[in-house]
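Student: Could we go through this one together, starting with the annotated parts and then moving on to the contact between chains?

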Amino acid sequence: MENTDKIIDGAITNSVLHKSNTRGHANHGWLESYHTFSFANYQNPERMNFGVLRVLNDDRVSQGMGFGKHPHDNMEIISIPLEGDLEHQDSMGNTTVIKEGDIQAMSAGTGIFHSEYNKNKDQLVKFLQIWIYPNKKNVTPRYDQITLDLNDRHNKLQQILSPNPEDEGVWIHQDAWFHIGKFDKDFSTSYELKKPGNGIYAFVLKGDFTIGNIALNERDGLGIWDTNTIKITANSANAEILLMEVPMQL
Amino acid sequence: MNYVISDLCFFKDEMMETTNILYIGRHPEILETVIRLINANENWNGVGVMNDEEAKEIFLKKDFSIVLLGSGIQEESEAELCAFFKNKNPNIRIVQHYGGGSGLLKSEILLALGNTK
């Protein structure tokens, strides 16, 4: 695939824009997936990672189908359902269902096996699969999922993940913070990065946004580094965005 | 240009040269999965071992291009293994493999080989 990344000059420097239609695409019949970064048969040397953010897959799984039992190690794996229900089973004995509004985090550590199936026979499931390199190898595997209050993201940034077990949202073994905001048209806010040296990757879930001077549409991604703050403006009603603050070095 | 059959066989061997990959990891089921995935590529030959002595022994017997360090290897073991492999073959590429039997395996191997096409 032709590399269409653009380094942006102007109000925001040190940024990389990944337009939605430049992502890798795989259609396995039961699974349709868009890969922001190189994954499986999509290999693009310009799209390997954004700091410790290694995988951002935008998956649609057919009715009743799913990922059979398979292993992971040494990776922090976050799943965010956008529509439908996913049934999760793992080698730690967890059998759960995650649905829109939930977030699931797994620390694969020394090794886990899990499966994820679309629980419904009559509805597609859409979810984001996000993998973060851990800051500590060979940890004891762990699983966590929580239900978020969807009202808590209206015209504000709701924290859904952090490195701290006591903080809001799920936690992982990495100095990363995730937020989701659902904004009215023309609503503006700022995001202050939590840790010096971290970068931020914004991924548009719905609608249109402007970050700095860069216009973003649905499923576009924008990575920014060497900054302390970003300004975000919604350009359409019910616009929804996921912000992922991550260390830029492993 | 005309080729004789022996030339063509030579070219085929050159083009289809097998890349030997040594995977070391402490989790038997992940090891099995990783080796199966590596060997699904016709030009790659994966060998998996769980302990360090076996890894060193097999490294001396076969011409490996890449060593993948999988889960459960502690820092001291990792340092000792890397020193051993580098000492025996300064050109060996040693890669930390993340993610288990996953979509990252191919990327990691292709990157190590310097071939991301």
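Predicted model: local features only at pLDDT ≥ 70, side-chain atom pairs only at ≥ 80, totals over all residues.

Student: Okay, which stretch of chain A does UniProt call "domain: Pirin N-terminal"?

Tutor: In an unreviewed entry, UniProt places that feature at residues 22–132 of chain A.

Student: And how much helix and strand is there over residues 22–132?

Tutor: Over that stretch chain A is 0% helix and 59% strand, with the end C-alpha atoms 21 Å apart.

Student: What does UniProt list at residues 160–246 of chain A, and what is the helix and strand content there?

Tutor: The name listed for those residues is "domain: Quercetin 2,3-dioxygenase C-terminal cupin", again from an unreviewed entry. The chain there is 0% helix and 57% strand, and its end C-alpha atoms lie 14 Å apart.

Student: Now the sheet with β17, what's the strand order?

Tutor: It is an open sheet of 4 strands in chain A, running β17-β22-β19-β20, and the pairing is antiparallel. The edge strands are β17 (188–192) and β20 (214–216), each of which pairs on one side only, and the twist averages 25° from one strand to the next.

Student: How many bridges hold β19 and β22 together, and what stands opposite I211(A)?

Tutor: Strand β19 (residues 209–211) and strand β22 (residues 229–234), both of chain A, pair in the antiparallel sense over 3 bridges. The residue opposite I211(A) is I232(A), which belongs to β22(A).

Student: Switching to the two chains, how many residues are in contact?

Tutor: On the chain B side there are 18 residues, and they are in contact with 20 residues of chain A.

Student: Which helices of chain B supply residues to that side?

Tutor: Both α2 (28–39) and α5 (104–113) of chain B supply at least two residues each, and α5(B) gives the most, with 4 residues. By residue class, the side of chain B that touches chain A divides into 4 nonpolar, 12 polar and 2 charged.

Student: Which residues of α5(B) are buried, and what do they pack against?

Tutor: The buried residues of α5(B) are L104(B), L105(B), K106(B), S107(B) and I109(B). They pack against β5 (53–61) of chain A, and also against β1 (19–24), α2 and β3 (66–69) of chain B.

Student: Last one, what follows α5(B)?

Tutor: That helix is followed by G114(B), a residue whose phi is positive, near 70°.

Conventions. Residues numbered from 1 in each chain as written. Chains lettered and ligands numbered in written order. Pairing = 2+ DSSP bridges. Axes fitted to C-alpha atoms, helices over the stretch in contact; angles between N-to-C directions. Contact = placed C-beta atoms within 7 Å. Nonpolar A, V, L, I, M, F, W, Y, C, P; charged D, E, K, R; others polar. UniProt positions renumbered as here; feature names shortened; annotations may be inferred. Buried ≥ 20, exposed ≤ 12 C-beta atoms within 10 Å, placed from the backbone.
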